[in-house]
Amino acid sequence: EFLYSFGKGPGVTTVGYFLPYVLINDYGREIEIPPSSYVATSFMRKFNQSLSSITPWTVVAGVNNGRINGIDGIEQVFSPTDLEYLNQAQMNPLTFKRNRGYIIETDNTAQVLVKSSLSEIHVREALIELERELSTMLLDFQWKANTPEVRSSIKLAADVICEKYVAQSALYSFFNKIDEENNPIDLVDAGIGVLDTYVEPIKAMGIIVNNITILRTGAIQAGGFIIS
């Protein structure tokens, strides 16, 4: 009876849509409410833990880091087919896993027109943190001379920051560029310096395929995979 669509505009990579409503006990009365506050609490757990393995870009999905606590149920338990379609639509369904509880199933931003690294929430989170650190570093160089020596110092500082993100599984690789090529004379004369940072964000395994092949007795020991 009605159509539903995501918000549009430059902010689509910074938001995620979560569903369905959750059920809570309101002093003996079961009510349905939007899941936003419980999802936000799950995301905030990353900042309230002291584990070195948990970072601001740890994926908040799945049975380990995507748990939804404090609810009695969800408005609808989606089937595996439902979850597949909702994921393709870039939605983030909550679901129930037997013996694990209620969890966030996926890690999608609202970027639906094109599929890229920014279609995943944890990539956007990593870039937010990286942008903050690079910006803070660059403040120390504001109003310094735009010379090869200063530009080399900026590149070194940027490389050190990016190396940390590689070590903490946010980036596969990176490249920082600040030289005469991207700082031509007209920009130098205008009092502008440019640091270009290229990154390859690390992706997560949202779908894991397990192939099981049956072999005849003795095939593995013999070193030949002969299917029986």
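Predicted model: local features only at pLDDT ≥ 70, side-chain atom pairs only at ≥ 80, totals over all residues.
**Exercise 1. The second largest pocket**

Solution. 
Step 1. List the residues at the centre. The lining has 19 residues, and those closest to the centre are F141, W143, K144, I192 and G193.
Step 2. Look for the main contributor. Helix α5 gives the most to this lining, with three residues.
Step 3. The lining of the second largest pocket holds 11 nonpolar, six polar and two charged residues.

**Exercise 2. The largest pocket**

Task: State how much space lies in the largest pocket, and say which elements give two or more residues to its lining.

Solution. 
Step 1. About 820 Å³ of space lies in the largest pocket.
Step 2. Its lining counts 30 residues; V59, D107, A204, M205 and G206 are the closest to the centre.
Step 3. Two elements pass the test of two or more residues: α2 (62-65) and α3 (80-88). Of the elements, α3 gives the most, with three residues.

**Exercise 3. The nonpolar cores**

Task: Which members of the largest nonpolar core touch the most other members? Trace the contacts of Y165.

Solution. 
Step 1. In soluble globular proteins, nonpolar side chains tend to be buried together.
Step 2. The largest core has 17 residues, and L130, M137, I154 and Y165 touch the most other members.
Step 3. Two or more residues come from each of α4 (121-139), α5 (148-167) and β7 (171-177). The largest share is that of α5, with six residues.
Step 4. Follow Y165. Skip its neighbours within four places in sequence; Y165 then contacts W57, A126, E129, L130, E133, A170 and L171.
Step 5. Look for another core. A second, separate one has 14 residues, including Y38, V60, I68 and I71.

**Exercise 4. A serine in a loop**

Task: Is S119 buried or exposed? Locate S119 and list its contacts.

Solution. 
Step 1. Find the position. S119 sits in the loop between β6 (101-104) and α4.
Step 2. Apply the cut-off. Buried means under 20% relative accessible area. S119 has 0% relative accessibility, so S119 is buried.
Step 3. List the partners. Beyond four places in sequence, S119 is in contact with Q90, D107, N108, T109, Q111 and V114.

**Exercise 5. A sheet and its edges**

Task: Give the strand order of the three-stranded open sheet. Why is one side of β3 and of β4 left without a neighbour in the sheet?

Solution. 
Step 1. Recall how strands join. Strands of a sheet pair through backbone hydrogen bonds, either parallel or antiparallel.
Step 2. Read the order. It is β3-β2-β4, with antiparallel pairing.
Step 3. Find the edges. β3 and β4 (73-74) each have a single partner strand, so one side of each lacks a neighbour in the sheet.
Step 4. Check one pairing. β2 (residues 22-26) and β3 are antiparallel over five bridges. I24 has I31 in β3 as its bridge partner.
Step 5. Turn to I33, which lies in β3 (residues 29-33). Leaving aside neighbours within four places in sequence, I33 contacts Y21, V22, I24 and Y38.
Step 6. I33 and E84 lie 51 residues apart in sequence, and their C-alpha atoms are 24 Å apart in space.

Conventions: Residues numbered from 1 in each chain as written. Heavy atoms only, no water. Core = buried A, V, L, I, M, F, W, Y, C linked by side-chain atoms within 4.5 Å. Buried < 20%, exposed > 50% of the residue type's maximum accessible area, 1.4 Å probe, protein only. Helix = DSSP H or I, 4+ residues; strand = E, 2+ residues; numbered from the N terminus. Contact = heavy atoms within 4.5 Å. 1 Å grid on protein atoms, 1.4 Å probe; cavity = no way out; pocket = protein on both sides within 12 Å on 5 of 7 lines; lining within 4 Å. Points joined across faces, edges and corners; volume = space filled by probe spheres on them. Nonpolar A, V, L, I, M, F, W, Y, C, P; charged D, E, K, R; others polar. Pairing = 2+ DSSP bridges.
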